[in-house]
Amino acid sequence: MVATPIGNLEDITLRAIRILKEVDLIAAEDTRHTLKLLNHLEISKPLISYYKQNEKIKSNILIDKLLNGENIALVSDAGTPGISDPGEEIVKEAIKNNINIIPVPGPCAAINALIASGINTREFLFLGFLPVNKKEKTEKLEEIELINKTLIFYEAPHKLINTLEIIKEILGDRNIVIAREITKIHEEYIRGTISEITEKIENPKGEFVIILEGSSKNKKQEEIDSLNNLSLEEHYNFYEKENYNKKEIIKKIAKDRNTNKNEIYQYFLKK
Ligand code: SAM
């Protein structure tokens, strides 16, 4: 699994070049595309196409070759194979057949967008491309609404604005970074809230990664919000059913509502 540049051709490792020279065959997402890279590196090797639509069939052919002792490098058009690119299928098949899979690390747009974003890198969730279908897209976003980890998406330029609008509608007007054309001439990082960004980008051109701040609400906060929408009596009953005593309940209500314990105590005293 050999990673290749995502723009700048200098971003190929010495090891990747050596491996591409040493293997018997290179399986490529688009052979014409990879041929350009190989010509640039002055490498001449047989190529076989391996793309999403023929992944299953081609996997069988490649597995036979691997079982016959051939060494094969798998590359995608750009970046790390298997990441929003073909690769997963053959890795699974190879493992079933006890064939060694070796990653040859290199560029990945998601990781590089993340590290330059200035948004939390400690914990993140990579979602690749969101579904094209609006209903499925909405459902996917609703599913991740409360996740308080940085979110990473890939998106095509002509869908960028629409996708940002849907994200804003469902996840709120969060801070985002649009990483555009990483490692290329027009590389830029556009930072701001979703509303600010959609105003700034009129006619998106090039390749984009969306890095989105995680939710500041967690499940607990959601629960507290819905409790705070209840009347004080209902709020009290909720905790009573959970077997808390009067003192504990008053303390909990005060904490949920961010008010003084005594105020809540006085309220129930008057009752
Ligand atoms: N396997 C690749 C990787 O490791 O990043 C991703 C392949 S995916 C089919 C292509 C998407 O990755 C693009 O639509 C864009 O969202 C993102 N992408 C790839 N290269 C990029 C670049 N130079 N700058 C920004 N985004 C890029």
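Analyst: In this predicted model, an oxygen atom of the ligand is 2.5 Å from a polar backbone atom of phenylalanine 208, a polar contact in the sense of a pair of N or O atoms within 3.5 Å. The protein covers 91% of the 570 Å² of accessible area that the ligand has on its own, with areas taken from the Shrake-Rupley method with a 1.4 Å probe. A backbone N or O atom of alanine 109 lies 2.8 Å from an oxygen atom of the ligand, while for alanine 78 a backbone N or O atom is 3.3 Å from a ligand nitrogen atom.

In total, 19 residues surround the ligand, and the closest are Thr80, Ile83, Asp85, Tyr154 and Phe208; a residue counts as near if one of its heavy atoms lies within 4 Å. By class, this shell has 11 nonpolar, three polar and five charged residues, where Gly is counted as polar and Tyr as nonpolar. The elements that give two or more residues to the shell are β5 (150-155) and β8 (208-212), strands being DSSP runs (E) of at least two residues. At least three shell residues come from each of domain 1 (14-96) and domain 2 (109-212), with bounds from an automatic or database domain assignment. The protein also has a domain 3 (219-269), and the C-alpha centres of domain 1 and domain 3 lie 60 Å apart.

Residues are numbered from 1 along each chain as its sequence is written, and side-chain values use heavy atoms, without hydrogens and water. Local features need pLDDT of at least 70 and side-chain atom pairs count only at pLDDT 80 or more, whereas totals for chains, interfaces and linings use all residues.

Conventions: A polar contact is a pair of N or O atoms within 3.5 Å; within protein, one must be able to donate a hydrogen and the other to accept it, and residues adjacent in sequence count only if both atoms are side-chain atoms. Helices (H or I, at least four residues) and strands (E, at least two) are DSSP runs, numbered from the N terminus.
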